[in-house]
Amino acid sequence: MSYENILLEQKEDGIWLLTINRPRALNALNIATLEELAAAIDELEQTADARVLLVTGAGEKAFVAGADITEMQAMSPLEARDHSNRTIGTFRRLETLSIPVIALVNGFCLGGGCELAMSCDWIIASDRAVFGQPEVNLGIIPGFGGTQRLPRLIGPARATEMIVTGRQVKAQQAVDWGLATEVCIADELMEKGLASARSVLGRGPLAVRMAKEAVVRGQDLDLENACLLESEVFGVCFSTQDRVEGVSAFMEKRKPAFKGT
Ligand code: CO8
């Protein structure tokens, strides 16, 4: 499928890259881009050899500088609510995609951009990354999940402070607070992302999928039910050939050859 506002490409065996590609508008998420993002998620769900997805923004200045503010000007309250709802659905589909999704953040990561990055499984930041939820400056609040995901990631006090003041935080602060996992120099961001993705590839594909499912779905449950979910998913792993291969390879002191079955 061809897209106008995003690029979806295979970088290496098993590793796919989705780039938000509107650098002249700092990759702001207009409706067309969000529709393409939803279509790309459909495509990735059908792509058997996709094992890890990297998400980034084109150009050197921004990951994504937010939802497209120009489009918001004429929105009615109902349209705004529907748009928010629809996009929250798209971001949830990214979050629950069956493969790990890594955000590579290379500059402004604001508003809807920060919300997109937080819908990924983890964030690697370049030293030029700046995170923030500046919506209050526009007289609105985050509408793509920011009021919910940010406090879950960095705690309610820091999140509320960021959201009600519009305070922006740099890469190292984001790492210190648990929003990003690591920071690197900008030129090395893609290589860091690829290295992180490659470190997933040698593992049992079904185990990776099950682990992500337990983590993502478990977040919404109380501890008792979340641990029950883990036991269920753990049990499912025992129905796979990968489990037989992984355990045999350990016993035989060799590298496992997982087949994803
Ligand atoms: N939307 C549309 N266009 C944008 C956006 C945006 N979010 N951000 C930047 N641009 C455009 C600028 O208008 C400019 O275009 P042009 O060259 O045609 O004038 C171009 O990108 C370059 O931007 P600047 O000239 O402003 O670049 P600077 O380096 O001077 O500043 C900033 C960079 C600080 C990032 C600045 O562009 C800025 O403040 N951008 C807006 C950031 C922001 O407020 N983001 C939050 C948006 S609201 C949001 O995301 C809510 C999500 C939920 C929505 C629910 C919908 C119903």
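1. Asp-127 is placed in the loop between β7 (122–126) and β8 (130–132); helices (H or I, at least four residues) and strands (E, at least two) are DSSP runs numbered from the N terminus. This is a predicted model, in which local features need pLDDT of at least 70 and side-chain atom pairs count only at pLDDT 80 or more, while totals for chains, interfaces and linings use all residues. Residues are numbered from 1 along each chain as its sequence is written, and side-chain values use heavy atoms, with hydrogens and water left out.

2. Asp-127 has a relative accessible area of 46% and is therefore partly exposed; buried means under 20%, exposed over 50%, and partly exposed in between (1.4 Å probe, protein chains only). Together with Glu-60, Asp-187 and Glu-188, Asp-127 forms a patch of negative charge on the surface. Patches are made of residues with over 30% relative accessible area and no salt bridge, like charges being joined within 9 Å and nonpolar side chains (Val, Leu, Ile, Met, Phe, Trp, Tyr) within 5 Å. Lys and Arg count as positive and Asp and Glu as negative, whereas His and the chain ends are not counted. The place of a charge is NZ of Lys, CZ of Arg, CG of Asp or CD of Glu.

3. A nonpolar surface patch of about 250 Å² is made by Ile-69, Leu-138 and Ile-140. The area comes from the Shrake-Rupley method with a 1.4 Å probe; for residues, only the protein chains shown count as cover. Ile-69 belongs to helix α2 (residues 69–72) and is partly exposed, at 47% relative accessibility.

4. The loop between β2 (15–20) and α1 (31–45) holds Arg-22, which is buried at a relative accessible area of 18%. The side chains of Arg-22 and Asp-68 are joined by a polar contact of 3.0 Å. Such a contact is a pair of N or O atoms within 3.5 Å; within protein, one must be able to donate a hydrogen and the other to accept it, and residues adjacent in sequence count only if both atoms are side-chain atoms.

5. Leu-26 lies in the loop between β2 and α1 and is partly exposed, with a relative accessible area of 23%. Asn-27, likewise in the loop between β2 and α1, has a positive phi near 60°. Asn-27 counts as buried, at 0% relative accessibility.

6. The whole structure contains 13 salt bridges, each a side-chain nitrogen of Lys or Arg within 4 Å of a carboxyl oxygen of Asp or Glu. In one of them, the closest N and O atoms of Arg-93 and Asp-42 are 2.6 Å apart. The pair links distant parts of the chain, Arg-93 in helix α3 (residues 77–95) and Asp-42 in helix α1, 51 residues apart. Arg-93 is partly exposed at 27%, and Asp-42 is partly exposed at 38%.

7. Glu-95 and Arg-149 form a salt bridge of 2.7 Å, N to O. This pair connects helix α3 with helix α5 (residues 146–154) across 54 residues. Glu-95 is buried at 13% relative accessibility, and Arg-149 is buried at 13%. A network of salt bridges links Arg-92, Glu-95, Arg-149 and Asp-220.

8. Asp-121 and Lys-212 meet in a salt bridge of 2.8 Å, N to O. Asp-121 lies in the loop between α4 (112–118) and β7, and Lys-212 in helix α9 (residues 205–218), 91 residues apart. Asp-121 is partly exposed, at 28%, whereas Lys-212 is buried, at 9%.
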